[in-house]
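Thanks for making time this morning; I would like to walk through a few individual residues and their surroundings, and I will keep it short. Please have the structure open while I talk.

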Amino acid sequence: FKLVFFVPRQNTQVVLSSLFALNPTRSPSVSSSPPHSATVGRIGLYNGCAFVSQGTGQFQPSEGAIPTIGEVGKPEMVEEDRVETLVIGTVEQVKEVVKELKKIHPYEEVAYDVYKLEDI
């Protein structure tokens, strides 16, 4: 799977570090049995892999929102990063990674996408 999310630029490395910390501690070549958790940001023998591109996010908090940045009813623009990283695991394991993303992300509502990838 590929996880794509948007995060204020000043929080990018904290969020990525927290997601990478979810990785099993053993090397994938040590055992043929599947890990008990998803592997985030690993490509072959490389760890901590992600593509990060800069952009500007735009939103307007509605009544009842508790925005981290901005005010209810006022449009806001924030310098953000688009982060793309691989998540290797079952659907349930990927759901756990998304749950962690939502827990550590600074925004009340996290903008993210999960894409299923094919190995061709």
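Predicted model: local features only at pLDDT ≥ 70, side-chain atom pairs only at ≥ 80, totals over all residues.

Glu 84, if we set aside residues up to four places away in sequence, touches Lys 2, Leu 3, Val 4, Ala 50 and Phe 51. Glu 84 sits in strand β4, which covers residues 76-88, and its side chain is joined to that of Lys 2 by a polar contact of 3.4 Å. Its relative accessibility is 18%, and because the cut-off for buried is under 20%, Glu 84 counts as buried.

Let me turn to Arg 9, which belongs to the loop that lies between β1 (2-8) and α1 (12-20). With a relative accessible area of 27%, Arg 9 is partly exposed. Beyond its neighbours within four places in sequence, Arg 9 is in contact with Gln 54, Gly 55, Glu 79, Glu 80 and Asp 81. For one of these, Glu 79, the separation from Arg 9 is 70 residues in sequence, while the C-alpha to C-alpha distance is 6.1 Å. For another, Glu 80, the backbone oxygen is reached by the Arg 9 side chain at 3.2 Å.

Notes:
Residues numbered from 1 in each chain as written. Heavy atoms only, no water. Helix = DSSP H or I, 4+ residues; strand = E, 2+ residues; numbered from the N terminus. Buried < 20%, exposed > 50% of the residue type's maximum accessible area, 1.4 Å probe, protein only. Polar contact = N/O pair within 3.5 Å; in protein donor to acceptor, adjacent residues only side chain to side chain. Contact = heavy atoms within 4.5 Å.
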